[in-house]
Amino acid sequence: MNQERIDQLLTLYGRNECSTEELAELHKWYQQLDTNQAPPFTDDKAAAQLQAQLWEQLKTARQPTRVFRLPVWARVAAVAIVLAGAAFWLVQTNSSKTTTPLAVTPAPKKISIPYGATKKIQLPDGTEVWLNAGSELLYAADFNTRHRTVQLSGEAFFDVKKDAERPFIINTGKMNIRVLGTAFNVKAYPEDKTSEASLIRGAIEVSMHGDPKKKFILRPNEKIVFPNRPLPGSNDLEALQREGYALSSVSINPVDSSVVETAWTNNRLAFMNERFGDIAQQLERKFEVKLHFEDSTAAGLRFTATFEDEDIRETLEALQYSLPFNFRIDKKDIYITR
């Protein structure tokens, strides 16, 4: 090391600006002062003093702080590693927390019948059901495991498979029906004036939604009717509204002794002294049409009749032989006048 380099290093050292390499270089020079190189100082005492001073300072001097700066690619990679680590930690944490799967309730079974159609089905317990036009039957996926409960909107004929341990229950908008094994018809269209249950064989227990403690036991060929809503001005239903229900016998067709309430299961239309306004709802569901009474007196006409294969025009023409009225068909709309 020449004198110029020694002076440079000593100057930097005096300013406390030496790098690590420069301190190492200066220290190496210092270690060699008493051996191979001539003393840099002309005065031995001054040299000895400086040597002692340098030695103490070298031992206690603070190393200059070095700042390490990563290149851009290295900083991006470091950030990516940190984020990947955080994501891994979150996944592991959430996975360890999700130990119990949520229970999923199977969707209920629903059978819908459009206007103009009927359908016969068999439930998982072997019960046979005939569904009339515009009806909907709903039952849970676990039907026939712990219970046999169905929800009905519309009209259905049930031939229930006997099971003493699991009673068959039908819920409608106005009544509940509990049976063990029997055959009966339920008519429960929400848009109709009334809902009714007609028993063919066996026995059923019927209760009202508004008064569940009041129960009715029906015997074969008995029928119970409930009003679906208040019916102001319906004199023929005055007793029904006053009592909240009406018990009677099913209607028997005098021609062939068949039950009128279940005639639809044989694809027949049967009326027993019914108002034209009420018959119209049955015609609409069977023939997919809409009847409009342009004369209110026409809706009050009463008919008794049975039809099997007639279409809507033939049905109306046949009714005209009983009582006079006029009708006009415009596609799916039929207009009735006197």
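Glutamate 261 is located in the loop that connects strand 13 (246-249) with strand 14 (269-275). The description rests on a predicted model. In this model the chain has 338 residues, of which 35% are buried, and its secondary structure comprises eight helices and 18 strands.

**Surroundings of glutamate 261**

- Glutamate 261 is buried, because its relative accessible area is 8%, under the 20% cut-off.
- A polar atom of the glutamate 261 side chain lies 3.1 Å from the backbone nitrogen of serine 251.
- Beyond residues up to four places away in sequence, glutamate 261 touches Glu155, Asn185, Glu196, Ser198, Lys223, Val250 and Ser251.

- Alanine 133 belongs to the loop between strand 3 (128-131) and strand 4 (136-139).
- With a relative accessibility of 3%, alanine 133 is classed as buried.
- Proline 114 is 19 residues from alanine 133 in sequence, and the two C-alpha atoms are 5.6 Å apart.
- When neighbours within four places in sequence are set aside, the contacts of alanine 133 include Ile113, Pro114, Tyr115, Gly116, Ala117 and Thr118, as well as Tyr189 and Arg285.

**Nonpolar cores**

- The largest nonpolar core contains 31 residues, and Phe158, Ile177 and Phe184 have the most contacts inside it.
- Strand 5 (residues 148-159) is the element that gives the most to this core, contributing four residues.
- Phenylalanine 158 is in contact with Glu128, Val129, Leu137, Val150, Leu152, Phe168, Ile170, Thr182, Ala183, Phe184 and Val186, residues up to four places away in sequence not being counted.

- Strand 5 pairs with strand 6 in the parallel sense, over four bridges; threonine 149 has isoleucine 169 of strand 6 as its bridge partner.
- Asparagine 171 stands opposite asparagine 176 of strand 7.
- Three residues separate strand 6 from strand 7, and the two strands form a hairpin.

- Strands in the order 15-18-17 form an open sheet with mixed pairing.
- Strand 15 (290-293) and strand 17 (326-330) are the edge strands, each pairing on one side only.
- From one strand to the next, the twist averages 20°.
- Strand 15 and strand 18 (residues 333-337) run parallel and are joined by four bridges; leucine 291 stands opposite isoleucine 334 in strand 18.
- Helix 6 (residues 276-287) packs on the sheet and touches strand 15 and strand 18, its direction making about 160° with that of strand 15.
- Helix 8 (residues 312-320) lies across strand 17 and strand 18, at about 170° to strand 17.

- Of the contacts in the chain with a separation of 6 or more, 47% are between residues 24 or more positions apart.
- The chain exposes about 20,600 Å², and carbon and sulfur atoms supply 52% of this area.

Definitions and conventions
Residues numbered from 1 in each chain as written. Predicted model: local features only at pLDDT ≥ 70, side-chain atom pairs only at ≥ 80, totals over all residues. Heavy atoms only, no water. Core = buried A, V, L, I, M, F, W, Y, C linked by side-chain atoms within 4.5 Å. Buried < 20%, exposed > 50% of the residue type's maximum accessible area, 1.4 Å probe, protein only. Contact = heavy atoms within 4.5 Å. Polar contact = N/O pair within 3.5 Å; in protein donor to acceptor, adjacent residues only side chain to side chain. Pairing = 2+ DSSP bridges. Axes fitted to C-alpha atoms, helices over the stretch in contact; angles between N-to-C directions. Areas by Shrake-Rupley, 256 points an atom, 1.4 Å probe, with all protein chains shown as cover.
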